[in-house]
Amino acid sequence: MNTRPQRSVCPHVFLSLIMLPWLACPPAASAQAADAPWATLQQSYFPGKQLEQASFIRLTAPARAASGDQVPFAFSIDHPMTATQYIKSVTLFVDANPVPLTAVFRFRPESGKAEVATRIRFESDSPVHVVAESNDGRLYVNSLTVKASGGCGGTIPGDNAQALAEAGKMKIALDGPFRRGELNKARLLIRHPMYTGLQRDLATHGFRPAFFIDKIDITYDGKPVMTADTSIGISENPSIGFGFVPSRAGTLEVLIRDSQGASFRQSIDVGG
């Protein structure tokens, strides 16, 4: 089921809202950000918190990418995922992007493992920081640097009307056979232009308004598996690889929402 309300708010507003914490920094903070963006981000999002360096947060990305538009990126966290001890959230930053906060992923023990494979944008060469929070409140961090550019701005070819009409179409598939009581991996593919608000239309030479997926909810038989708050740092036509541990055959369902308030739902029955 797809629902799209009437557009009553200018889409530029959405980009302004997600950039507000970044743009609202006073001059002193902006100068500090230029010298040490990660220190500023850490203070903004985790004030007064201690972040422990953690090699068990395994990050995968190319050291250099041909383009900043579609850069493969994955994290996989070697940490228990039990009812009493688990990773409950993972926050992804691309430090040098116009909006550094790219996504926040939230997990449950039923996720099986805190891991995601996706594609992200880079406006310029940048460190990527991944912060994992466990259910007892401890914060862990790891990082790597990717050389890539031009992913957030530039120009956009193609038919804007067609891109908007197709936005929200989804496919879900298991990566391999169904395994009851074990970690299963699945991939979600979403048709969506994920406009950043910083890209120019080749035909009109004007900026295309920001328009992106901002919420993803994944459930199995009605129970949460993973949720994600996403922003313009996720690439066009998002691809999300994730895991879950099913106790029996059931229904894997995805509900997404975009920045214009539209919602889309897709599901598959597995294990039957």
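In this predicted model, Phe 75 and Phe 107 are both buried. Their ring centres lie 6.3 Å apart. The ring planes meet at 90 degrees, so the pair is edge-to-face. The two residues come from distant parts of the chain. Phe 75 sits in strand E4, and Phe 107 sits in strand E6 (residues 101-107). They are 32 residues apart.

Strand E4 spans residues 71-77 and also holds Ser 76. Ser 76 has a relative accessible area of 10%. Buried means under 20%, so Ser 76 counts as buried. Its side chain makes a polar contact with the side chain of Glu 115, at 2.9 Å. Beyond its neighbours within four places in sequence, Ser 76 is in contact with Phe 56, Ile 57, Arg 58, Lys 113, Ala 114 and Glu 115.

In total, seven aromatic pairs are counted. The rings of Phe 56 and Tyr 140 have centres 5.0 Å apart. Their planes stand at 65 degrees; edge-to-face requires over 60, so this pair qualifies. Here too, distant parts of the chain are linked. Phe 56 lies in the loop between strand E2 (51-53) and strand E3 (57-60). Tyr 140 lies in strand E9 (residues 139-146), and 84 residues separate the two. Phe 56 is partly exposed, with a relative accessible area of 25%. Tyr 140 is buried, with a value of 8%.

Aromatic residues also group together elsewhere. Trp 38, Tyr 45, Phe 46 and Phe 93 form one aromatic cluster. Trp 38 is also one of the buried residues of helix H3 (residues 37-45). Thr 40 and Leu 41 are buried in this helix as well. Viewed down the axis of H3, the buried residues fall within an arc of 160 degrees, so they line one face of the helix.

Ser 239 is buried, with a relative accessible area of 5%. The side chains of Ser 239 and Arg 187 make a polar contact at 2.6 Å. Arg 187 is also among the residues that Ser 239 touches, when those up to four places away in sequence are not counted.

How values were computed: Residues numbered from 1 in each chain as written. Predicted model: local features only at pLDDT ≥ 70, side-chain atom pairs only at ≥ 80, totals over all residues. Heavy atoms only, no water. Helix = DSSP H or I, 4+ residues; strand = E, 2+ residues; numbered from the N terminus. Buried < 20%, exposed > 50% of the residue type's maximum accessible area, 1.4 Å probe, protein only. Polar contact = N/O pair within 3.5 Å; in protein donor to acceptor, adjacent residues only side chain to side chain. Contact = heavy atoms within 4.5 Å. Phe/Tyr/Trp six-rings, centres within 6.5 Å; stacked < 30°, edge-to-face > 60°. Arc of directions from axis to C-beta.
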